Amino acid sequence: MNTTSPTLEEIQNFEGKYPKQLWYLFFSEMWERFCFYGMRGMLVIFMVSELAMNDRVANLQYGATQAFVYAFTFIGGLFADKILGYRKSLFWGGILMIVGSMILAFDPKQFFFFGISFTIIGTGFFKPNISTMVGKLYKDNDARRDAGFSLFYAGVNLGALIGGYLCIAVANGSMLTSIVPEHLRWNVAFGFAAFVMLISLLTFTQTQKSLGDIGLSPLANLGKSKRKTLEIVTYIGSLVIIPVIMTMVSNTEYTDIFMFIIGPASLLYLFYEMRNFSISENKKLLAALVFIIFSIFFWAFFEQSGGSLSLFAAHNLNNTVLGIPLDPNGVNNSANSFFVIVFAALVGLVWLWMHKRKIEPNTVVKFGLGFIFLAGGFYVFYYTKFFADATGKTSLDLFTFGWFIITFGELCLSPIGMSVMTKLSPNKTQAVMMGMWFLASAYGQYFAGILGANIAEASENATNLEKLTVYADGYKDLAIYALIAGVVLIAISPLVKKLMQEVK
């Protein structure tokens, strides 16, 4: 590899569809997402089977844990913007995630909330900044940016596919049973997450020279010792807060208080920053807020996958797809990622093809379509109840088809959402806006936990067949709400398009 760092100009004037730096970030993110989705797929099942929580409490707990993960991406984005820079922030986050996963691999029952707290803060420092660096590889008006984010998103999902299936399948005893003794299944599953996070970090450190000045310290104008002091204070502060996170995650009522504060506080901070921007820039930020608010609803429904759909998969699905025996929870946790990998590049190319012919739908309409696909998928989940046997087990094939439909919804919304945040944000607030995009996911996760808990509560003390009916009817309600949100978005698209001005 070339030992001299390229200039930003050289990076952004790349030939072909994708800059080479995108591939390095792709692999770093891929292994980090293996770690994250592997953990996510295990949480609810671990809490129910190993920590003896009931379904309702496990859903709330899941919502709280995931909400904190995404809420910390906002805080991580803030510290990256103001103190650490994207690279140091990413490195520190990776270290914390490795430590958290190793604690869980050592003794998940004893140290569950302790290990989870490390991974929450680590993800907060890692996640928003790698996406922001992808945005920096492109000039502001480069039409290839959406395709770049779609490819990056395929990397995210490759990690999610492998980690999402492997970890829970090993923990459930559906995979590697001859190698992993029964009493160590959960330890090994959590251990996988630590190992791949190490690969992610090494990939980044070995290739970061190719990024030129992207992601270096924002405090280059300060003296070295002052800069070091601020960095060290940030590192120490993120360790000191771990006991606080432990307390808040293990008691969901504290999560409620936190969520009541962090959202309004981040909005106030944004409005405070908006004083320094022009009217044109502020209109774009208002458009970004429309995307952020609607994405909360999208993720609240979509993220049933880690909560109520995990329990639905465990209790109510048989274990074959097209005649192939598969772990139902592994399928629930990874089918979406599989379909993203197969179709992400294709959808990206469709947008490029439509762009060339000047018939590409605008971003707001794409968002609306995302909700309509989401509604279709949840309607399929509802429809599984008509295929159930007397024991309350239903078709994993049909369930997988539901994820197939939802995937197109996600591809209309998520990679484009990241891309549009970088387009609509003035340079000074890029990581903050990316953080707010992930904060919307935090609220989505939080509400997902509450929705899942309500479904679980309605089915307490029911037979397996009755449980299936309650869960399926809950998914039908979500399908209706998603459809309404999609129609509203398409209806207001001309107004939002005006706020976006020249941004497509």
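This is a predicted model: local features need pLDDT of at least 70, side-chain atom pairs count only at pLDDT 80 or more; totals for chains, interfaces and linings use all residues.

Trainee: Where does helix 2 run, and how far does it reach from its first C-alpha to its last?
Mentor: Helix 2 covers residues 20-49. From first C-alpha to last it reaches 44 Å, close to the 44 Å expected at 1.5 Å a residue.

Trainee: And where is the kink in helix 2 centred?
Mentor: On Leu43, with a kink of about 35°.

Trainee: What about helix 11, at what angle do the axes of helix 2 and helix 11 cross?
Mentor: Roughly 60°, and the axes come within 8 Å. Helix 11 is residues 308-316, and helix 2 passes helix 11 in a right-handed crossing.

Trainee: Which residues make that contact?
Mentor: Helix 2 brings Val44, Ile45 and Val48, while helix 11 brings Ser310, Leu311 and Ala314. By class, that contact has 5 nonpolar residues, 1 polar and no charged ones.

Trainee: OK, switching topic. How do helix 4 and helix 5 cross, right-handed or left-handed?
Mentor: Right-handed. The axes of helix 4 (residues 112-136) and helix 5 (residues 145-172) come within 10 Å and cross at roughly 145°.

Trainee: Which residues meet there?
Mentor: From helix 4, Ile130, Ser131, Val134 and Gly135; from helix 5, Arg145, Phe149 and Phe152.

Note on methods: Residues are numbered from 1 along each chain as its sequence is written. Side-chain values use heavy atoms; hydrogens and water are left out. Axes are lines fitted to C-alpha atoms, for helices over the stretch in contact, and angles run from 0 to 180 degrees between N-to-C directions. Helices (H or I, at least four residues) and strands (E, at least two) are DSSP runs, numbered from the N terminus. A crossing is left-handed if the near helix is turned anticlockwise from the far one by less than a right angle, and right-handed if clockwise. Contact means heavy atoms within 4.5 Å. Ala, Val, Leu, Ile, Met, Phe, Trp, Tyr, Cys and Pro count as nonpolar, Asp, Glu, Lys and Arg as charged, and the others, Gly among them, as polar. The expected span of a helix is 1.5 Å times one less than its number of residues. The bend at a residue is the angle between axes fitted to the seven residues ending there and the seven starting there.
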